[in-house]
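Visitor: Hi, I'm new to this one. Can you show it to me and walk me through the rings and the sulfur links?

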Amino acid sequence: MISTPWRDRLTYLAMSLVVGWHSFAMVVGPAPGNSALVQSLRPLVQPYISLFRLDTTWNFFAPVGKHTQFRYVIEDTEGKEFTFTPTEETHRSLSSYVWWREHKYLYEGVMESPDTRGDRVAALLCREHAALMPFAVTLLEIQEQDFWPEDHLLGKRPLDPEFVNVNSLGRIQCPSDSPPPPRIRPLRRPS
C-alpha cells in the first residue's frame, strides 16, 4: 500500500498533468493553422479538443463579430404559429441540458446547409412538439446587424427585431407517418 504522503504527491502530479495537457490543448486548438509548428501539434490534440468541443472558429478569448441564432416556428393544424428559440430555453434538469447541448450543434449545422439537414431537424422538431399538433415547421436564421453602445444604453438588445435580419431556411411539412399525440377526452358528467 502507498503511504499517504506519496499518494498525495502522486495525486498532485496526476492533476498537474491533466491541467497542463488541457492548457496545452486550449492554446493549440484556436491557433492559426498556417504555421508548421501548429500543423505538427494539431493531430496530437485534435481528438481531445473534438471530444470536449473546444475546436471552434471563435477567437481565443471571446466570440468576435456578428452572431447568428437559430429559431423555428411551429405551425399547428389550425394555422396558429409558435416561435421557439432553443438558446433561450431554460433547462430544469441535466438530461434536458445535455439534450439541448447535443442538438445545438445540429441547429448550427442546419444554418450551414439547410437543404441537406433541414428535413431531419424538422421531423425531430415535429416529434418534440407533438402536443401542439404540428403541421409544418419554418426554420429561421437570425443574423445580428450593427448594434452600438448607445443602443444598449437605450435598453435595447442585439437580437431585438430592429437589429436583425431574418433568413428563412425553409418551411417543411411535418411527416404524416408520425403518430398523432394522444387526445385528452373530456370527462363526461353523470346525467
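Guide: Ring pairs join Trp21, Phe24 and Tyr48 into a cluster. Rings of Phe, Tyr and Trp (its six-membered ring) pair if their centres lie within 6.5 Å; planes under 30 degrees apart are stacked, over 60 edge-to-face, the rest tilted. This is a predicted model, where local features need pLDDT of at least 70 and side-chain atom pairs count only at pLDDT 80 or more, while totals for chains, interfaces and linings use all residues. Residues are numbered from 1 along each chain as its sequence is written, and side-chain values use heavy atoms, leaving out hydrogens and water.

Visitor: How many aromatic pairs are there in the whole structure?

Guide: The search finds 5. One of them is tyrosine 72 with phenylalanine 84, stacked at 5.3 Å centre to centre with 20 degrees between the planes.

Visitor: Is tyrosine 72 buried or exposed?

Guide: Buried, because its relative accessibility is 0% (buried means under 20% relative accessible area, exposed over 50%, partly exposed in between, with a 1.4 Å probe and protein chains only).

Visitor: Switching to sulfur: which cysteines form a disulfide?

Guide: Cysteine 126 and cysteine 174, with sulfur atoms 1.9 Å apart; the cut-off for a disulfide is within 2.5 Å. The count is 1 disulfide.

Visitor: What's the handedness of that link?

Guide: The link of cysteine 126 and cysteine 174 is left-handed, with -75 degrees about the S-S bond. Both cysteine 126 and cysteine 174 are buried.
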